[in-house]
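Trainee: Hi, could you walk me through a new structure?
Mentor: Happy to, here it comes.

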Amino acid sequence: MNKISKLLAGVAVSLAAISLLAACQKKEEPGPAEALGKKIDGAVQDAGKKLDEATGQAKEQTSESGSKLDEALDKAKADAKEAYEKTKEGAKDLAQKTGEKMEVAGQKIQDASKK
């Protein structure tokens, strides 16, 4: 058993030496797959930033369009109200003039019937 103990001790020492040497070795350059992965990660991040910028611009343009639409609707409402008021006043004037002419015609009929 003495031989086996020496053999196991030698293997243990060898494994320890190999482990120490492996830990001290210089890191290798990234392989092609790792380099490609990093490029893909960078491209995805850039695309995400551009998407965020485009989304922000779209929101801003939508907001501006909404404001312009609101202004146009407010102007249209004001114009419609003004047109309604003018039409209402015109109708009152027309009704008044029609009434006056009816009175004149009625008076002429009464005068003609008295003769």
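Mentor: Here is a short chat about its helices, salt bridges and surface. This is a predicted model, where local features need pLDDT of at least 70, side-chain atom pairs count only at pLDDT 80 or more, and totals for chains, interfaces and linings use all residues. Residues are numbered from 1 along each chain as its sequence is written, and side-chain values use heavy atoms, leaving out hydrogens and water.

Trainee: How many helices and strands are in the protein chain?
Mentor: Two helices and zero strands, counted as DSSP runs (H or I, at least four residues, for helices; E, at least two, for strands) numbered from the N terminus.

Trainee: And how much of the chain is buried?
Mentor: Buried residues make up 0% of the 115 residues. Buried means under 20% relative accessible area, exposed over 50%, and partly exposed in between (1.4 Å probe, protein chains only).

Trainee: Switching topic, how many salt bridges does a search of the whole structure find?
Mentor: Two, each being a side-chain nitrogen of Lys or Arg within 4 Å of a carboxyl oxygen of Asp or Glu.

Trainee: Which side chain does D79 meet?
Mentor: D79 pairs with K75 at 3.0 Å, N to O. Both sit in helix α2, four residues apart, about one turn of the helix. K75 is exposed at 53% relative accessible area, while D79 is partly exposed at 38%.

Trainee: What about E82, which residue is its partner?
Mentor: K86, with the closest N and O atoms 3.3 Å apart. These two are also four residues apart in helix α2, so about one helical turn separates E82 and K86.
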